[in-house]
Amino acid sequence: MNNIDKIFNDASDIKEFSSQYMDYLNSILKSINSEQIEKFVEVILEAREQESQIFFIGNGGSASTASHFANDMAIGTRSLDKPFKAISLTDNVSIISAIGNDYGFDEIFYQQTKLYLKKNDVLVAISASGNSKNLIKAVDYVNAIGGITIGISAFDGGKLCKKSMHSVHVPTEQGEYGPAEDCHLIINHLVSNYLLRLVMAKN
(Lines give C-alpha, C1' and ligand atoms only; values in the text may rest on other atoms or scores of the structure.)
Protein backbone atom coordinates (compact mmCIF):
# COMPACT_ATOMS: atom_id res chain seq x y z
CA MET A 1 0.00 0.00 0.00
CA ASN A 2 1.52 3.33 -1.05
CA ASN A 3 0.80 6.76 0.41
CA ILE A 4 -2.05 7.53 -1.99
CA ASP A 5 -3.80 4.29 -0.98
CA LYS A 6 -3.35 5.25 2.69
CA ILE A 7 -4.71 8.74 2.10
CA PHE A 8 -7.76 7.29 0.34
CA ASN A 9 -8.39 4.79 3.15
CA ASP A 10 -8.03 7.47 5.82
CA ALA A 11 -10.13 10.13 4.10
CA SER A 12 -13.86 10.25 4.80
CA ASP A 13 -14.69 12.21 1.63
CA ILE A 14 -13.19 14.00 -1.39
CA LYS A 15 -12.60 17.17 0.64
CA GLU A 16 -10.39 15.35 3.12
CA PHE A 17 -8.73 13.31 0.37
CA SER A 18 -7.93 16.55 -1.49
CA SER A 19 -6.40 18.17 1.57
CA GLN A 20 -4.23 15.17 2.43
CA TYR A 21 -3.19 14.63 -1.20
CA MET A 22 -2.03 18.24 -1.51
CA ASP A 23 -0.20 18.04 1.82
CA TYR A 24 1.60 14.93 0.60
CA LEU A 25 2.41 16.55 -2.72
CA ASN A 26 3.89 19.51 -0.89
CA SER A 27 6.12 17.21 1.17
CA ILE A 28 7.43 15.56 -2.00
CA LEU A 29 8.18 18.93 -3.61
CA LYS A 30 10.16 19.98 -0.54
CA SER A 31 12.28 16.82 -0.79
CA ILE A 32 13.40 17.43 -4.41
CA ASN A 33 17.08 18.37 -4.65
CA SER A 34 17.21 21.95 -5.96
CA GLU A 35 20.84 21.45 -7.01
CA GLN A 36 19.64 18.88 -9.55
CA ILE A 37 17.24 21.47 -10.98
CA GLU A 38 20.09 23.99 -11.06
CA LYS A 39 22.24 21.60 -13.09
CA PHE A 40 19.35 20.86 -15.44
CA VAL A 41 18.95 24.59 -16.14
CA GLU A 42 22.70 24.99 -16.67
CA VAL A 43 22.66 22.25 -19.31
CA ILE A 44 19.67 23.83 -21.08
CA LEU A 45 21.28 27.26 -21.09
CA GLU A 46 24.53 25.83 -22.45
CA ALA A 47 22.58 24.08 -25.20
CA ARG A 48 20.99 27.42 -26.11
CA GLU A 49 24.40 29.09 -26.29
CA GLN A 50 25.73 26.32 -28.55
CA GLU A 51 22.52 26.28 -30.64
CA SER A 52 22.15 22.61 -29.76
CA GLN A 53 18.78 20.88 -29.89
CA ILE A 54 16.94 19.65 -26.81
CA PHE A 55 14.80 16.54 -27.29
CA PHE A 56 12.14 15.34 -24.83
CA ILE A 57 10.81 11.78 -24.61
CA GLY A 58 8.41 9.84 -22.37
CA ASN A 59 5.56 7.31 -22.37
CA GLY A 60 1.92 7.72 -21.37
CA GLY A 61 1.45 10.67 -19.05
CA SER A 62 5.16 11.39 -19.38
CA ALA A 63 4.72 11.65 -23.16
CA SER A 64 2.27 14.46 -22.50
CA THR A 65 4.76 16.06 -20.11
CA ALA A 66 7.49 15.80 -22.76
CA SER A 67 5.24 17.61 -25.23
CA HIS A 68 4.30 20.22 -22.64
CA PHE A 69 7.98 20.76 -21.72
CA ALA A 70 9.00 21.28 -25.36
CA ASN A 71 6.16 23.76 -25.92
CA ASP A 72 6.91 25.81 -22.81
CA MET A 73 10.65 25.87 -23.43
CA ALA A 74 10.66 26.53 -27.17
CA ILE A 75 7.65 28.85 -27.49
CA GLY A 76 6.75 29.83 -23.93
CA THR A 77 10.12 31.49 -23.30
CA ARG A 78 9.42 33.85 -26.25
CA SER A 79 13.06 33.78 -27.29
CA LEU A 80 12.74 33.47 -31.05
CA ASP A 81 15.87 35.47 -31.88
CA LYS A 82 17.99 33.09 -29.78
CA PRO A 83 15.66 30.14 -29.14
CA PHE A 84 15.70 27.10 -26.94
CA LYS A 85 15.50 24.52 -29.73
CA ALA A 86 13.24 22.14 -27.81
CA ILE A 87 11.41 19.31 -29.59
CA SER A 88 9.23 16.49 -28.30
CA LEU A 89 9.75 13.12 -29.99
CA THR A 90 6.39 11.92 -28.63
CA ASP A 91 4.18 14.01 -30.90
CA ASN A 92 4.31 12.46 -34.38
CA VAL A 93 1.89 9.51 -34.35
CA SER A 94 2.82 8.48 -37.89
CA ILE A 95 6.52 8.18 -37.06
CA ILE A 96 5.94 6.45 -33.72
CA SER A 97 3.47 3.94 -35.15
CA ALA A 98 5.67 3.25 -38.18
CA ILE A 99 8.73 2.55 -36.02
CA GLY A 100 6.65 0.52 -33.57
CA ASN A 101 5.16 -1.54 -36.37
CA ASP A 102 8.41 -2.11 -38.29
CA TYR A 103 10.97 -2.38 -35.47
CA GLY A 104 9.06 -2.75 -32.20
CA PHE A 105 7.92 -0.37 -29.47
CA ASP A 106 11.31 -0.43 -27.73
CA GLU A 107 12.77 1.32 -30.79
CA ILE A 108 10.43 4.33 -31.05
CA PHE A 109 12.82 6.84 -29.48
CA TYR A 110 16.11 5.16 -30.37
CA GLN A 111 15.35 5.30 -34.09
CA GLN A 112 14.37 8.96 -33.84
CA THR A 113 17.48 9.93 -31.90
CA LYS A 114 19.59 8.12 -34.51
CA LEU A 115 17.92 10.24 -37.18
CA TYR A 116 17.91 13.65 -35.49
CA LEU A 117 20.27 13.91 -32.55
CA LYS A 118 23.88 15.05 -32.93
CA LYS A 119 26.85 15.33 -30.61
CA ASN A 120 26.29 17.96 -27.90
CA ASP A 121 22.51 17.85 -28.34
CA VAL A 122 20.49 17.14 -25.19
CA LEU A 123 18.04 14.29 -24.54
CA VAL A 124 15.61 14.69 -21.63
CA ALA A 125 13.92 11.39 -20.75
CA ILE A 126 10.89 11.56 -18.44
CA SER A 127 9.66 8.47 -16.57
CA ALA A 128 8.11 7.78 -13.18
CA SER A 129 9.56 4.27 -12.92
CA GLY A 130 12.80 5.04 -14.76
CA ASN A 131 12.74 1.58 -16.32
CA SER A 132 11.01 2.03 -19.69
CA LYS A 133 13.05 0.07 -22.21
CA ASN A 134 12.47 2.49 -25.06
CA LEU A 135 13.80 5.39 -22.96
CA ILE A 136 16.83 3.47 -21.72
CA LYS A 137 17.76 2.41 -25.26
CA ALA A 138 17.68 6.03 -26.43
CA VAL A 139 19.66 7.23 -23.40
CA ASP A 140 22.35 4.58 -23.98
CA TYR A 141 22.66 5.63 -27.62
CA VAL A 142 22.91 9.35 -26.86
CA ASN A 143 25.51 8.73 -24.16
CA ALA A 144 27.54 6.72 -26.68
CA ILE A 145 27.59 9.40 -29.39
CA GLY A 146 28.60 12.29 -27.14
CA GLY A 147 25.21 13.79 -26.47
CA ILE A 148 24.02 14.94 -23.05
CA THR A 149 21.34 12.97 -21.21
CA ILE A 150 19.05 14.12 -18.42
CA GLY A 151 16.68 11.77 -16.63
CA ILE A 152 13.59 13.11 -14.88
CA SER A 153 12.37 10.25 -12.71
CA ALA A 154 10.39 9.24 -9.62
CA PHE A 155 9.92 6.13 -7.43
CA ASP A 156 13.50 4.87 -6.81
CA GLY A 157 14.82 6.39 -10.04
CA GLY A 158 15.25 3.04 -11.79
CA LYS A 159 17.81 2.54 -14.56
CA LEU A 160 17.18 6.03 -15.93
CA CYS A 161 18.57 7.71 -12.84
CA LYS A 162 21.72 5.57 -13.02
CA LYS A 163 22.34 5.81 -16.75
CA SER A 164 21.61 9.50 -17.34
CA MET A 165 24.50 11.94 -17.12
CA HIS A 166 22.32 14.28 -15.05
CA SER A 167 19.19 13.55 -13.05
CA VAL A 168 16.21 15.32 -11.54
CA HIS A 169 14.62 12.84 -9.18
CA VAL A 170 11.20 13.08 -7.53
CA PRO A 171 11.29 10.73 -4.52
CA THR A 172 7.96 8.94 -4.25
CA GLU A 173 6.95 5.42 -3.35
CA GLN A 174 6.49 2.79 -6.07
CA GLY A 175 3.30 3.16 -8.07
CA GLU A 176 2.57 6.76 -7.11
CA TYR A 177 2.15 7.94 -10.69
CA GLY A 178 -0.16 10.83 -9.84
CA PRO A 179 2.19 12.68 -7.45
CA ALA A 180 5.22 11.79 -9.60
CA GLU A 181 3.70 13.26 -12.75
CA ASP A 182 2.28 16.23 -10.81
CA CYS A 183 5.80 17.09 -9.69
CA HIS A 184 7.28 16.57 -13.15
CA LEU A 185 4.84 19.15 -14.53
CA ILE A 186 5.66 21.54 -11.70
CA ILE A 187 9.36 21.17 -12.55
CA ASN A 188 8.47 21.99 -16.14
CA HIS A 189 6.65 25.16 -15.14
CA LEU A 190 9.30 26.10 -12.59
CA VAL A 191 12.11 25.79 -15.15
CA SER A 192 10.20 27.37 -18.04
CA ASN A 193 9.05 30.34 -15.96
CA TYR A 194 12.61 30.89 -14.76
CA LEU A 195 14.01 30.72 -18.29
CA LEU A 196 11.36 33.13 -19.59
CA ARG A 197 12.25 35.73 -16.99
CA LEU A 198 15.97 35.15 -17.42
CA VAL A 199 15.68 35.78 -21.15
CA MET A 200 13.50 38.87 -20.64
CA ALA A 201 15.92 40.31 -18.09
CA LYS A 202 18.80 40.07 -20.57
CA ASN A 203 16.89 41.72 -23.43
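Before the details, some ground rules. The model is predicted, so local features need pLDDT of at least 70 and side-chain atom pairs count only at pLDDT 80 or more, while totals for chains, interfaces and linings use all residues. Residues are numbered from 1 along each chain as its sequence is written, and side-chain values use heavy atoms, with hydrogens and water left out.

I start with strand S3, residues 122-126. Helices (H or I, at least four residues) and strands (E, at least two) are DSSP runs, numbered from the N terminus. In S3, 5 of its 5 residues are buried; buried means under 20% relative accessible area, exposed means over 50%, and partly exposed is in between, with a 1.4 Å probe and protein chains only. In a regular strand the side chains alternate between the two faces of the sheet. Here Val-122, Val-124 and Ile-126 point one way, and Leu-123 and Ala-125 the other.

Now the partners. Two strands pair if DSSP finds at least two bridges between them. S3 pairs in the parallel sense with strand S1, residues 53-58, over 5 bridges, and Phe-55 stands opposite Leu-123. S3 also pairs in the parallel sense with strand S4, residues 148-153, over 5 bridges. There, Thr-149 is the bridge partner of Leu-123. From S3 the chain crosses through helix H7, residues 133-144, to S4, in a right-handed β-α-β crossover. Right-handed means that, with the strands pointing away from the viewer, the path from the first strand over the helix to the second runs clockwise.

Which residues touch the most other members of the largest nonpolar core? They are Phe-40, Ile-54, Phe-56, Phe-69, Met-73, Val-124 and Val-191, out of 40 residues. A nonpolar core is a set of buried Ala, Val, Leu, Ile, Met, Phe, Trp, Tyr and Cys residues joined through side-chain atoms within 4.5 Å. Elements that each supply at least two residues of this core include S1, S3, S4 and H9. Another core, of 18 residues, lies apart from it, and Leu-123 and Ala-125 are among its members.

Last, Thr-113, in helix H6, residues 110-116. Is Thr-113 buried or exposed? Thr-113 counts as buried because its relative accessibility is 1%.
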